[in-house]
Structures are given as C-alpha cells and as structure tokens.
Amino acid sequence: MQCDDASRDGSELCEGLGPTRGLTRAAFERWYSDGGKWPQSVERNSGGEGYKYVGAASAWTAWKAAAAADLS
C-alpha cells in the first residue's frame, strides 16, 4: 500500500519520512508486508539483522538511505 491508497488521517502507513517522523524498522516492516498481510516477506535471516529475501533486504537498504538523506 502506498500513502495515496491509505486514509488521509495520518495512518501509520502514511507517516512522514525520517527518523523523527516514523521511519523505523517497525514502520518499514509494516509497509513492506502490506500492513502485516504478508509477514513472510519480512522474515529475518538466522542472524536476525538482515532479511531472508533479497527484495526485503534491498528495500530496507533504500529505506535506511532515505532516513539518512532526510536528516539534512
């Protein structure tokens, strides 16, 4: 789900970007798993730091880069 598809009332999927405005790992996992509909999409690897699936790992890398860029 993208923010355009979510309610306009500031739901968790439409929070602003940035570490101080909802850009957390939990927010990423809610977004990437489509609000929890696809929990397997965000399964962690055996080390617990990364994701089993390359798509989730790539998206998490991009999410963190967006957070870093938003700090400026």
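The legends below describe close-up views of a predicted model of one protein chain.

**Figure 1. Overview of the protein chain, with two helices and zero strands.** The chain has 72 residues, of which buried residues make up 28%. Its exposed surface comes to about 4900 Å², and carbon and sulfur atoms supply 55% of that area. Taking contacts between residues at least 6 apart in sequence, 38% join residues at least 24 apart.

**Figure 2. Helix H1 and its buried residues.** Helix H1 covers residues 25-32, and its buried residues are Arg-25, Ala-27, Phe-28 and Glu-29. In an α-helix, residues three or four places apart point the same way, because there are 3.6 residues a turn. After H1 comes Asp-34, which has a positive phi.

Figure 3. Glu-29 is part of helix H1. The relative accessible area of Glu-29 is 18%, so this residue counts as buried, the cut-off being under 20%. The side chain of Glu-29 makes a polar contact of 2.9 Å with the side chain of Arg-44. Arg-44 is also among the residues that Glu-29 touches when those up to four places away in sequence are not counted; the others are Val-42 and Tyr-51.

**Figure 4. Asp-34, in the loop between H1 and H2.** The phi of Asp-34 is near 55°, a positive value in a residue other than glycine. With a relative accessible area of 22%, Asp-34 is classed as partly exposed, because buried requires a value under 20% and exposed one over 50%.

**Figure 5. Ser-41, a buried residue of a loop.** Ser-41 sits between H1 and helix H2, the latter spanning 54-70. Ser-41 has a relative accessible area of 18% and is therefore buried, as this value is under 20%. A polar atom of the Ser-41 side chain lies 2.6 Å from the backbone oxygen of Trp-38. Leaving aside neighbours within four places in sequence, the residues in contact with Ser-41 are Tyr-32, Ser-33, Tyr-53 and Ala-56.

Note on methods: Residues are numbered from 1 along each chain as its sequence is written. This is a predicted model: local features need pLDDT of at least 70, side-chain atom pairs count only at pLDDT 80 or more; totals for chains, interfaces and linings use all residues. Side-chain values use heavy atoms; hydrogens and water are left out. Buried means under 20% relative accessible area, exposed over 50%, partly exposed in between (1.4 Å probe, protein chains only). Helices (H or I, at least four residues) and strands (E, at least two) are DSSP runs, numbered from the N terminus. Contact means heavy atoms within 4.5 Å. Accessible areas come from the Shrake-Rupley method with a 1.4 Å probe; for residues, only the protein chains shown count as cover. A polar contact is a pair of N or O atoms within 3.5 Å; within protein, one must be able to donate a hydrogen and the other to accept it, and residues adjacent in sequence count only if both atoms are side-chain atoms.
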